[in-house]
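Please open the model in your viewer and keep the selection tool at hand.

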Amino acid sequence: MADIEWTQEGPIARIKINRPDRKNALGGDMRVQLADYFDRANADKSVRVVMLEGEGDCFCAGADVSGMGHLSIVDSRTRLQAHTHLMIKKLYSIEKPVIAVVRGPAVGMGLSIVLACDLTIASDNARFSCIFARRGLAPDTGAAFLLSRVVGHAKAKELIFTTRFFSAAEAKALQIINEVVPDEQLEQQAHDYAARLATQPTFALGMAKKMLQFSLSPSFDQFLEYEAMIQPLIHCTSDYQEGIASFKEKREANFVGH
């Protein structure tokens, strides 16, 4: 089975992260595969709406930390742009409605993906966290840009600094997601929602999406360029190395502040 799967049901493209044994954590190659599928969805005129989901009981546990380690600033910046930024920019720029279908955890990069989608329908067992600081990292994948524009700067700082998990109900109250449904109804309700959107004027919706994105300043591309300067610096810190080591060793991190 492929780590990223594409199926199409009439005008609905379904893109699934299919790595349940790793809680759908995304390695670099998987991010490139997702970017390719986002391009495909955008270019294919038969596709009028996209559903993005995770296999099993987890939407996405973020980046695959097991493959992370020390990189130079230049290599870190290159990898961030070639994998992570490529993926999130392709998702953000699809000129068709994209629905995130969330069951279980959506954390770190998984939360960023939810924020980059247009609409989110979540199971009542969904959980969210801007978990980056637990690994000695600042947010990436555009999380700081996207989160602050939804919840405001004060709440974004709280969620980023504390890395706390929050429920689907709180996510809806914060306007991060649109609907919370019983777990057993998630698949059907998400499909019904997508089917309704597939009857709408697709190009008009895509252009409305562009106008809403244009109303944000700075642009998402400008923000990602700034992120690509900051995150590689963090990869050179002791706390980053400790964050990754503690994850691999399944223990609490002991950060020293540098």
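**Second largest pocket**

Select L115, C117, D118, L119 and L212, which lie nearest the centre of the second largest pocket, among the 26 residues that line it. A pocket is an open set of points on a 1 Å grid over the protein atoms alone, where a 1.4 Å probe fits and protein lies on both sides within 12 Å along at least five of seven lines; lining residues have an atom within 4 Å of a point. The model is predicted, so local features need pLDDT of at least 70 and side-chain atom pairs count only at pLDDT 80 or more, while totals for chains, interfaces and linings use all residues. Residues are numbered from 1 along each chain as its sequence is written, and side-chain values use heavy atoms, with hydrogens and water left out.

Next, colour α3 (109-116), β6 (119-123), α4 (143-151) and α8 (202-214), the elements that each give two or more residues to this lining. Helices (H or I, at least four residues) and strands (E, at least two) are DSSP runs, numbered from the N terminus. The largest share of the lining, six residues, comes from α8. The lining of the second largest pocket divides into 16 nonpolar, six polar and four charged residues. Here Ala, Val, Leu, Ile, Met, Phe, Trp, Tyr, Cys and Pro count as nonpolar, Asp, Glu, Lys and Arg as charged, and the others, Gly among them, as polar.

**Cysteines**

C117 is buried, with a relative accessible area of 8%, where buried means under 20%, exposed over 50% and partly exposed in between (1.4 Å probe, protein chains only). C130 is buried at 2% relative accessibility. The structure holds zero disulfides.

**I177**

Move to I177, in the loop between α6 (168-173) and β9 (179-181). Is I177 buried or exposed? I177 is buried, with a relative accessible area of 4%. Show V114, T120, A122, F128, A168, A171 and K172, which I177 touches, not counting residues up to four places away in sequence; contact means heavy atoms within 4.5 Å.

Note on methods. Disulfide = S-S within 2.5 Å.
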